[in-house]
Amino acid sequence: MGDESRGLVGPDVWEVCRELIPQRSVFAFLAEHRRALFPVGMFADMYPSVNGRPSYPPQVLSTVVLLQVLNGLSDAEAVQELRCDLRWKAACGLGLLDTGFDPSLLTYFRRWLQHSAEPGRIFTAVSKVVRATGVLHGRHRRALDATVFQDAVATQDTVTQLVASIRRGARKVPGGTETVRAHCTGHDYLAGPGKPKIAWNDEEAGAELVNALVTDALNVLAHLPDQQLGERGADAVGILALVAGQDVELAEGSDGTDGRWRIARRTAEGRAVSTVDPQARHIHKTVHQRTDGFKGHLALEPETGLSTAVALRPGSGPEHTEGTVALDLLAGESRPREVFGDTAYSGSRCRAALAAAGLSFPRDAESVDRGSDGTHERTFDHGCPEKISAGVA
């Protein structure tokens, strides 16, 4: 793992230019406390190998990511600031002539964080500092909001998902290649990527292909060796089972024993849209605005803008709606709070659950129940964020 003591490139910016950087700024704070905030051992599990070229110090990368988020910058913009702004160099402990690193390293760093045992460790570390400084002491308001994060992978149709999931099972599950070779006849899954070659405008040919692919998927699931699966193997089997069942149904006239299937004429609830990112889901932000991906949820203190809780959830399903996630966002609050949110957080289910936790509600909002799934169940006579509760016990 990279070490901050590898040597400065040029004069130490914090030592030379300390008087130029505002004392109470976040740059000065990070320059003074970066090592305490992000100690070397904090990232040891992400860099287990001691072989090869030393990595770029994760303490510096963490500091760059923190400043990047605070300033709303892209990866390229953040690295440009690191190269040219003395405040950024001081915060990261760099020398005057340090040119930084390639912006793609931030992408890799976030990916390593995502797949680590504690992906939220940077947020946790910053939250500890916020609590220790007491900056939120006496601030009893919390604002809730959510936004859609569009997935970076293309949405896959049923045929593509079936082929990809069978191919993944062959690669990831011990004995999978032999099972696919012995029991799958609908497509050459081991030849490489690509969809089967058929006349796609021929409905009969399409129906035969879907029937063959589903049968192959079920054969793989039925004939895989009985064994303990590792994490990757278990994921591959789970995705195959999900894809084989989510978009298909028995063909007309089938009794379930003749192995005839067809693409279902409906969209399965919680449908996986891609085998590349199985947790991505269809999202209906509004009736007319639809996308695929995730929802990010946030609780913050509105005067300082400091986040007190965050969550990233699949974009569909009643357990991932704003009103449900709100309970998780406020779970760590112990003092009386005034909670604000739009109508997505004002459904009857959410209000009842918060009331059970010791909340009282304002009586000045005209509202009417809308739905039964916990989302947008109440509408208000104004477009402003509504105070949905006061006084969390």
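Buried means under 20% relative accessible area, exposed means over 50%, and partly exposed lies in between (1.4 Å probe, protein chains only). The model on display is predicted, so local features require pLDDT of at least 70 and side-chain atom pairs count only at pLDDT 80 or more, while totals for chains, interfaces and linings use all residues. Residues are numbered from 1 along each chain as its sequence is written, and side-chain values use heavy atoms, with hydrogens and water left out.

The tour follows salt bridges, in which a side-chain nitrogen of Lys or Arg is within 4 Å of a carboxyl oxygen of Asp or Glu. The count comes to eight salt bridges.

Begin by selecting Lys295 and Glu322, whose closest N and O atoms are 3.1 Å apart in a salt bridge. This pair links distant parts of the chain, 27 residues apart: Lys295 belongs to strand β5 (residues 290-301) and Glu322 to helix α12 (residues 322-329). Helices (H or I, at least four residues) and strands (E, at least two) are DSSP runs, numbered from the N terminus. Are Lys295 and Glu322 buried or exposed? Both are buried.

Next, select Glu15 and Arg18, whose side chains form a salt bridge (3.3 Å, N to O). Glu15 is exposed, at 52% relative accessible area, whereas Arg18 is partly exposed, at 32%.

Arg18 lies in the loop between α1 (13-17) and α2 (26-37), and Glu32 lies in helix α2, 14 residues apart. Glu32 is partly exposed, with 47% relative accessibility.
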